[in-house]
Amino acid sequence: EQPIFSTRAHVFQIDPATKRNWIPASKHALTVSYFYDATRNVYRIISVGGTKAIINSTITPNMTFTKTSQKFGQWADSRANTVYGLGFASEQHLSQVLPSPIISSNGPGEDKLFRSQSADVEITTEKERLKKMLSEGSVSEVQWEAEFFSLQDNNNKLVAALHEANANVDQWKKQLAAYQEETETLRQRVAELESQGAHDSSSENNKEELSQTLEELELLIKAKDEEIQMLKSQKCGRWEAEGEREETLQKLQDLEARNAELERRLHLAEQTLAETLAEREKIQNEVTKVAEIMDVKIFELSEIRQGLAKLVE
């Protein structure tokens with residue numbers, strides 16, 4: 001057997017006790033398939049719920065499919081001694097079933113299941129039985145039950161979508177809280193860097209004072225160098241007494257020692273100035289980097305808030 005057509009519908013069976021009330025086969029719509037056995041030239045309607053066959057109806061020439069409403073149709077199976085009903089979600093679903101290869105017209109207002117070529121005589125017993133059930137009010141009950149199960153399916157889908165939306169909202173809220181915490185950390189870091197920047201402003205003043213001191217030291221060294229050169233030139237001149245010569249030599253040595261000390265202080269000041277400038281440049285780079293990160297996080301935070309606002313709407 002090969003499936004030649006499948007659809008989704010709510011499956012019902014007539015109550016064997018009352019012969020008028022419909023009993024739903026399941027809470028949800030089931031797949032209903034039409035099978036054809038080419039070797040035996042037999043059609044069957046099959047619907048399975050879980051591991052149980054809800055419908056296993058072999059189509060015979062005397063079967064009649066009756067469309068009782070825009071969304072419901074039914075037929076009697078004498079072999080199974082029951083009446084099956086199919087409730088569809090819309091009239092379009094039922095209209096797709098009626099023109100299928102196993103269904104043919106059976107007169108005004110009715111649609112007949114597939115009949116073999118040898119079936120030329122219509123059996124009226126099943127028609128009369130169906131008309132009797134219709135007259136006893138089973139049609140309205142079927143319609144209400146089909147509508148109920150259709151609405152129940154839609155409600156389940158809406159509940160599932162709502163749960164998914166709530167889960168997304170919770171996830172976005174957690175992500176938003178994480179971004180806010182990270183943003184606060186970055187703000188504190190910026191405040192620390194700004195505080196260091198204020199400290200650097202005082203270091204700038206110290207740098208100016210240090211530069212002025214360096215200039216003064218350079219002038220002093222230059223003056224002492226000139227004095228040393230003058231003393232050296234005088235050393236080759238005339239000295240009236242040995243004591244004056246010794247005093248001059250001592251003075252020359254003192255000046256050279258002081259000059260060396262000034263040069264050492266000058267070198268130390270230049271090194272301190274270089275370290276101060278390097279530290280200031282490092283802090284400025286950190287401030288720039290943190291500002292860029294904050295811009296990115298603020299943009300992402302804005303996107304998340306817009307997403308939450310749309311979801312709430």
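Which side chain meets that of R264 in a salt bridge? The partner is E261, with 2.5 Å from N to O.

## Basis of the model

The model is predicted: local features need pLDDT of at least 70 and side-chain atom pairs count only at pLDDT 80 or more, while totals for chains, interfaces and linings use all residues. Residues are numbered from 1 along each chain as its sequence is written, and side-chain values use heavy atoms, leaving out hydrogens and water.

## Salt bridges

A salt bridge is a side-chain nitrogen of Lys or Arg within 4 Å of a carboxyl oxygen of Asp or Glu. The count by this rule is 2. R264 and E261 lie 3 residues apart, about one turn, in helix 4 (residues 242-312); helices are DSSP runs of H or I with at least four residues, numbered from the N terminus. R264 is partly exposed, at 46% relative accessible area, and E261 is also partly exposed, at 35%.

D37 and R40 are joined by a salt bridge between their side chains, at 2.9 Å from N to O. D37 is buried at 11%, whereas R40 is exposed at 55%. Buried means under 20% relative accessible area, exposed over 50%, and partly exposed in between (1.4 Å probe, protein chains only).

## Serine 33

S33 belongs to strand 3 (residues 30-37), strands being DSSP runs of E with at least two residues. S33 is buried, with a relative accessible area of 9%. Leaving aside residues up to four places away in sequence, S33 touches F5, S6, R44, I45 and I46, where contact means heavy atoms within 4.5 Å.
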